[in-house]
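Student: Before we discuss the terms used for this fold, could you put the sequence and the structure up, so that each term can be set against its definition?

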Amino acid sequence: MSESEQRFGEFVVVRRHQHVAELVLDRPKAMNAVSTDMARSIAAACDALGADRDVRVTVLSSTHERAFCVGADLKERNSFSDAELVRQRPTARAAYTGVLELPMPTVAAVHGFALGGGFELALACDLIVADGTAVVGLPEVSVGVIPGGGGTQLLPRRVGAARAAELVYTARRVEAAEARELGLVDQLVDDARTGALEIAAKIAANSPVGLRAAKRAMRLGQGLDLRAGLEVEDAAWRSVAFSGDRAEGVAAFNEKRKPQWPGE
């Protein structure tokens, strides 16, 4: 059961399950298509979560029975003038960047369609858990644009340049089994939300200081040569080596008990 629930605008809810936060996309009438208002709400929810030291893991999920998120709200986009589209761009970017820059580990729970910007929200997470209903893809070139929520950068980092190129250029949709085979999702489970929350609970049992530092080291080190990456890792190690969490972790191990993380 969730301990508390906070709504951000009309379309985003944050539920708390002890040290796990669930960022829920809740625009059922539009299959969670990301409108300007919804993008603003995602960014606001991410700002709040990023500032909450009590959150050890964030799960990104959906209330819709057939879709995680179908991407940008093309009906809204169709009404925009060029000037309005330019003005809306920073708002849209802030939603994807908000998820990408969350300081704690993040897990996407993909049930149903995760297309375009919807799949980009999942790609912004550290892990993608999906179930058999999942259908993912980046179809933007089929409507005359490109993946603009991080897809051209995150997908090659996940599956390699050639595989990402094939998926982006063909704009094809990929069903669950092939998505797992190609590495577009990390785990296939019976129910995406349940599976994601289970993994999140396992992660949340660990040191919040350690989790955030490990994420920072992996994110900052990506793309660097090995020597530079090891310097990033060393800096992250130094940031935790003298923390209360490290002292508690070592004490708990020696005393054969569960640690009570101070989170600092």
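Student: What is the order of the strands in the open sheet, and which kind of pairing does the sheet have?

Tutor: This is a predicted model, in which local features need pLDDT of at least 70 and side-chain atom pairs count only at pLDDT 80 or more, while totals for chains, interfaces and linings use all residues. Residues are numbered from 1 along each chain as its sequence is written, and side-chain values use heavy atoms, with hydrogens and water left out. The open sheet has seven strands in the order β1-β2-β3-β4-β6-β8-β11, with mixed pairing.

Student: What makes β1 and β11 edge strands?

Tutor: Two strands pair if DSSP finds at least two bridges between them, and β1 (4-8) and β11 (187-189) each have a single partner strand, so one side of each is left without a neighbour in the sheet. From one strand to the next, the twist averages 25°.

Student: In which sense do β3 and β4 pair, and over how many bridges?

Tutor: Strand β3 (residues 20-25) and strand β4 (residues 57-62) pair in the parallel sense over six bridges, and L23 stands opposite L60 in β4.

Student: Why is α5 called oblique to α6?

Tutor: Helix α5 (residues 151-159) and helix α6 (residues 161-170) pack at an angle of about 130°, with their axes 7 Å apart. Angles under 35 degrees count as roughly parallel, over 145 as roughly antiparallel, 65 to 115 as roughly perpendicular and the rest as oblique, and that makes α5 oblique to α6.

Student: And why is α9 called roughly antiparallel to α10?

Tutor: Helix α9 (residues 208-221) and helix α10 (residues 226-241) pack at an angle of about 165°, with their axes 9 Å apart. By the rule for angles, that makes α9 roughly antiparallel to α10.

Student: Which residues line the largest cavity?

Tutor: Lining residues have an atom within 4 Å of a point, and here they are V34, S35, T36, A39, A72, R77, Q88, A92 and Y96. The largest share of this lining, three residues, comes from α3, and by class the lining has five nonpolar, three polar and one charged residues.

How values were computed:
1 Å grid on protein atoms, 1.4 Å probe; cavity = no way out; pocket = protein on both sides within 12 Å on 5 of 7 lines; lining within 4 Å. Helix = DSSP H or I, 4+ residues; strand = E, 2+ residues; numbered from the N terminus. Nonpolar A, V, L, I, M, F, W, Y, C, P; charged D, E, K, R; others polar. Axes fitted to C-alpha atoms, helices over the stretch in contact; angles between N-to-C directions.
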